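Subject: Structure for you, with notes on charged pairs

Hi,

Here is the structure I promised to pass on. Please open it and keep it beside these notes while you read.

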Amino acid sequence: KETQPLNKKGMMEVTILKADFLEDHDMLGKMDAFMRFKYHHGAEQTSVAEDAGKHPVFEEKFSLVNIHTEVQNGTFLELEALEKDLTSEDFLGKTGPIPWSDLCEYIGLIKHDVEMFDTKGNKIGNVIF
C-alpha cells in the first residue's frame with residue numbers, strides 16, 4: 001500500500017456500509033438502527049434503517065474536510081450505534097476509538113470491519129465502513 005504526506009486541506013471520504021447486531025433491541029417489530037460519529041464540533045449520522053432488524057444496510061458516504069486538523073489534534077473516530085423510536089433514540093453500543101491518523105495512512109479504499117460494544121463491555125455486533 002502506498003503512503004504519502006497528508007495534505008493540509010485534505011479530505012477523507014468515509015462510507016458506512018452496514019452493521020450486524022447480535023440481537024434485535026426493539027420491543028415491537030424490527031430495530032430501526034442508525035450510526036453516528038463526532039467530527040470537528042458537530043456530528044454526522046446515517047439515515048435510519050427502518051425495520052432493518054439485526055442487519056441494517058446504510059451505504060452512506062461522508063466527505064470530511066480538513067482531516068489534517070483532526071490528525072494534528074490526535075482525535076479519533078468512534079462510531080455509535082443507536083436505535084430510533086417514535087420519540088427518542090436508544091444507545092446500543094460503539095466501536096473503540098480509531099485514531100484519524102491511522103485511517104489516513106494509506107491512499108485508496110480500505111474496508112474496516114470493527115466490533116461494537118455496549119457500556120458494560122459486551123460485544124453487540126460489528127460495523128463495516
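Lys18 is partly exposed, with 32% relative accessible area. Its partner is Asp20: the two form a salt bridge, and their closest N and O atoms are 3.9 Å apart. That falls inside the cut-off, because a salt bridge needs the nitrogen within 4 Å of the carboxyl oxygen. Keep in mind that this is a predicted model.

Why do such pairs form? Side chains of opposite charge can pair when their charged atoms come close.

How many salt bridges does the structure hold? There are six.

Next, look at Lys61 and Glu13. They form a salt bridge too, with 3.6 Å between the closest N and O atoms. Lys61 sits in strand S4 (residues 57-65) and Glu13 in strand S1 (residues 11-21), so this pair ties together parts that are 48 residues apart in sequence. Is Lys61 buried or exposed? Lys61 counts as exposed, at 52% relative accessibility, because the exposed class starts over 50%. Glu13 has 44% and counts as partly exposed.

Then go to Glu115 and Lys123. Their salt bridge has its closest N and O atoms 3.1 Å apart. Glu115 is partly exposed, with a relative accessible area of 38%. Lys123 is partly exposed as well, at 40%.

Last, find Arg36, Glu80 and Glu89. Salt bridges with shared partners join these three residues into one network.

Best wishes

Key:
Residues are numbered from 1 along each chain as its sequence is written. This is a predicted model: local features need pLDDT of at least 70, side-chain atom pairs count only at pLDDT 80 or more; totals for chains, interfaces and linings use all residues. Side-chain values use heavy atoms; hydrogens and water are left out. A salt bridge is a side-chain nitrogen of Lys or Arg within 4 Å of a carboxyl oxygen of Asp or Glu. Helices (H or I, at least four residues) and strands (E, at least two) are DSSP runs, numbered from the N terminus. Buried means under 20% relative accessible area, exposed over 50%, partly exposed in between (1.4 Å probe, protein chains only).
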